[in-house]
Structures are given as C-alpha cells and as structure tokens.
Amino acid sequence: MSSPHLIHSEDVPWTELAHGSRVALKRKQLGAAAHGRKLGCSLVELPPGRRSWPLHYHLGNEEAVYVLSGTGSLRLGTQTLPVREGDYVALPPGAESAHQLINDGPEPLRYLCFSTMEAPDVLVYPDSRKVGVFAGAAPGGDKASRTLHAYLPLSAEVDYWEGEEP
C-alpha cells in the first residue's frame with residue numbers, strides 16, 4: 001500500500017544552490033515531494049566553509065531548524081551562536097529572527113528546515129538592504145502558482161501617491 005504523502009528521503013533528488021564562493025548548499029524538498037500544503041520541510045546539507053541563503057527574516061512565515069549532524073554557526077538577529085547535532089531553533093516572523101547558517105566546522109552540516117507555507121510573504125535582507133515579495137505561493141513553494149515575485153532595494157521606496165493621477 002502506498003500514499004503520495006509518504007516518501008523516503010533517498011527517493012527525493014538533491015537540488016544544488018551556489019552563489020559566488022560563500023553560498024553553496026544541497027537541498028531535498030521533502031514537504032513538496034510528500035504533497036504538503038501548509039508546512040514545508042527541506043533536508044539541507046551545507047559543505048564546510050559555506051553559508052546558506054543570505055541573512056533574512058520573514059514577515060509572514062515562521063521557520064525552524066533542527067541540526068542532524070555537524071557543527072556550525074547561526075547568525076540570529078544580532079548574535080552569532082554555535083550550533084551542533086540535536087539543536088533546534090524556532091524562527092518566528094520578525095527582525096529578531098533574522099537568520100543564516102554558516103558551516104565553520106570540518107564536516108558537512110546537515111539539518112532539517114521547516115517553514116509554514118503561507119502567501120503572501122515579505123522577506124527582509126538586512127545585509128543587502130532589500131526586500132522580497134511573494135504572492136500566490138510562499139517562498140520555496142510552487143513557482144507556477146506564484147502571481148508576484150520581486151526583490152527590491154529598500155531605497156526604491158516611493159510616496160504612496162507617486163504615479164497616481166491627482
């Protein structure tokens with residue numbers, strides 16, 4: 001007997017993400033493979049010396065990380081904290097939960113990343129001073145369902161009435 005909601009991680013392919021010399025990871029989108037709707041879960045492997053996604057926080061969705069193996073550092077808000085196997089961190093929406101994982105250990109850092117999958121969502125990137133806006137599908141969700149997806153520098157702010165006829 002089988003179900004589309006029961007998957008084995010070995011049957012889900014890895015996807016790779018890399019940007020420059022600092023960001024690199026492999027990810028298995030377990031929640032999507034099991035046809036989850038409101039809860040995402042990814043198995044992530046971060047090689048030594050690399051970082052995950054840029055420092056960011058969500059205004060709509062909550063995330064959590066559970067470390068399976070390896071050691072590293074977690075940038076969390078204004079702190080940098082050590083993480084190791086067995087650590088769990090809750091990342092509720094808001095600036096105090098800005099986060100980025102860094103593998104400064106000698107072996108791959110493997111963790112599960114959980115996320116609510118609500119749209120719309122706005123992400124804020126404090127280091128690069130930009131925002132990401134998602135509608136129709138949450139970040140990490142079904143791109144075909146997405147009705148809006150944009151990254152904008154915070155300096156792009158305009159007055160509410162700009163461009164509107166008087």
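1. Strands here are DSSP runs of E, at least two residues long, numbered from the N terminus. R75 lies in one of them, β6. The model is predicted: local features need pLDDT of at least 70, side-chain atom pairs count only at pLDDT 80 or more, and totals for chains, interfaces and linings use all residues. Residues are numbered from 1 along each chain as its sequence is written, and side-chain values use heavy atoms, with hydrogens and water left out.

2. β6 belongs to an open three-stranded sheet, ordered β7-β6-β9 with antiparallel pairing. Two strands pair if DSSP finds at least two bridges between them. β7 (79-84) and β9 (99-102) are the edge strands, each pairing on one side only. On average, neighbouring strands are turned by 25° against each other, direction ignored. The axes behind this angle are lines fitted to C-alpha atoms, and angles run from 0 to 180 degrees between N-to-C directions.

3. The β6-β7 pairing has six bridges. T71 is bridged to R84 of β7, and R75 to T80 of β7. Two residues separate the strands of this hairpin, where G77 takes a positive phi near 60°.

4. On the β9 side, β6 pairs over four bridges, again antiparallel. L76 has H99 of β9 as its bridge partner.

5. R75 deserves a look. Its side chain makes a 2.8 Å polar contact with that of D127. Such a contact is a pair of N or O atoms within 3.5 Å; within protein, one must be able to donate a hydrogen and the other to accept it, and residues adjacent in sequence count only if both atoms are side-chain atoms. Not counting residues up to four places away in sequence, R75 touches R51, L55, T80, A98, H99, Q100, I102 and D127. Contact means heavy atoms within 4.5 Å.

6. The largest nonpolar core has 14 residues, and L74 and L109 are among those with the most contacts inside it. A nonpolar core is a set of buried Ala, Val, Leu, Ile, Met, Phe, Trp, Tyr and Cys residues joined through side-chain atoms within 4.5 Å. β6 (71-76) is one of the elements giving two or more residues. β10 gives the most, with three.

7. The UniProt annotation "domain: Cupin type-2", from an unreviewed entry, covers residues 43-114. The span is 0% helix and 54% strand, with its end C-alpha atoms 9 Å apart.

How values were computed
Buried means under 20% relative accessible area, exposed over 50%, partly exposed in between (1.4 Å probe, protein chains only). UniProt positions are given in the numbering used here, feature names are shortened, and annotations may be inferred rather than shown by experiment.
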